[in-house]
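Work through the exercises below with the model open. Try each task before reading its solution.

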Amino acid sequence: MTDYRIDISDRLLIFKTTSFKAEKGNVLHSGIYNREMSASLAAGAVVMLSGFFFAAKYRITAVHFIAALFLFIILFLVFRAYIFGEPLLGVVIDKEKGNIDISLDRIFGKKNLSFPFASLEDIRKDHKSIAAENPDGIKFVEKIALQHGTVIPGFGKTAEFYTVEMEFESRQRIMIFSSEDSAAADDIALKIKNFIER
């Protein structure tokens with residue numbers, strides 16, 4: 001599954017991605033604790049609190065359980081889309097207007113930057129390695145996991161990121177993509193460079 005989209009026409013390039021930070025995720029493995037689990041826990045908490053409220057006032061029947069199930073599904077979808085949704089970075093290079101617009105859509109607001117097309121100096125591909133911060137803590141958690149017969153894949157390993165950055169005349173560099181997949185970073189950097197240079 002790709003976490004970016006790039007559309008190129010004659011004078012316009014539109015790039016969107018949810019992967020633009022070169023940083024390790026949560027301490028817990030993403031397969032164990034992720035945005036879907038966060039949305040499930042939040043939806044479950046609301047349903048449970050509602051259940052306690054109704055149980056104190058009404059006799060609970062099968063209809064209430066069905067309603068609770070539907071409420072959980074609706075709340076899960078709402079929480080996943082609006083509360084635990086991923087920020088989206090967008091880059092629009094418009095040769096017709098001579099602008100480069102970079103936007104970041106987050107849960108609590110939007111950030112916009114605009115640069116003249118002529119101020120773009122380079123599209124850089126970079127490589128970053130981020131090592132684990134607490135090796136003793138990692139060994140302790142791995143030891144407990146092994147005692148419970150559980151293996152946490154990739155836990156405590158050095159994360160390797162391949163990034164694409166835009167550099168402007170002011171020496172300001174903005175990371176527009178980050179991935180553990182070198183080929184994806186190569187593809188994006190090449191497509192943007194080809195668009196700029198043609």
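**Exercise 1. Place T163 in the fold.**

Start with the element: T163 sits in strand β7. Strands here are DSSP runs of E with at least two residues, and helices are runs of H or I with at least four, numbered from the N terminus. This is a predicted model, where local features need pLDDT of at least 70, side-chain atom pairs count only at pLDDT 80 or more, and totals for chains, interfaces and linings use all residues. Residues are numbered from 1 along each chain as its sequence is written, and side-chain values use heavy atoms, with hydrogens and water left out.

Next, is T163 buried or exposed? Its relative accessibility is 0%, so T163 counts as buried. Buried means under 20% relative accessible area, exposed over 50%, and partly exposed in between (1.4 Å probe, protein chains only).

Last, list the contacts (heavy atoms within 4.5 Å). Beyond four places in sequence, T163 touches A22, R124, K125, D126, K128, M175, F177 and S178.

**Exercise 2. Trace the open sheet.**

Find the strand order: 5 strands run β1-β2-β3-β4-β5, with antiparallel pairing. Strands pair if DSSP finds at least two bridges between them. Now look at the edges. β1 and β5 (109-116) each have a single partner strand, so one side of each has no neighbour in the sheet. The twist averages 10° from one strand to the next.

Zoom in on one pair. β1 and β2 are joined antiparallel over 5 bridges. I8 has L13, in β2, as its bridge partner.

α4 lies across β1, β2 and β3, at about 20° to β1. Axes are lines fitted to C-alpha atoms, for helices over the stretch in contact, and angles run from 0 to 180 degrees between N-to-C directions.

**Exercise 3. Find the largest nonpolar core.**

A nonpolar core is a set of buried Ala, Val, Leu, Ile, Met, Phe, Trp, Tyr and Cys residues joined through side-chain atoms within 4.5 Å. The largest has 26 residues; F15, V91, I100, I102, M166 and I176 touch the most other members. α4 gives the most to this core, with 6 residues.

Take F15. Beyond four places in sequence, F15 touches Y4, R5, I6, L89, G90, V91, I176, F177 and I188. Another core lies apart, with 6 residues, including A39 and F79.

**Exercise 4. Judge the confidence.**

pLDDT is the predictor's confidence in each residue, from 0 to 100. The protein's mean is 84, and 84% of its residues reach 70 or more. Over residues 26-31, pLDDT stays under 50. Where pLDDT is low, predicted coordinates should not be read in detail.
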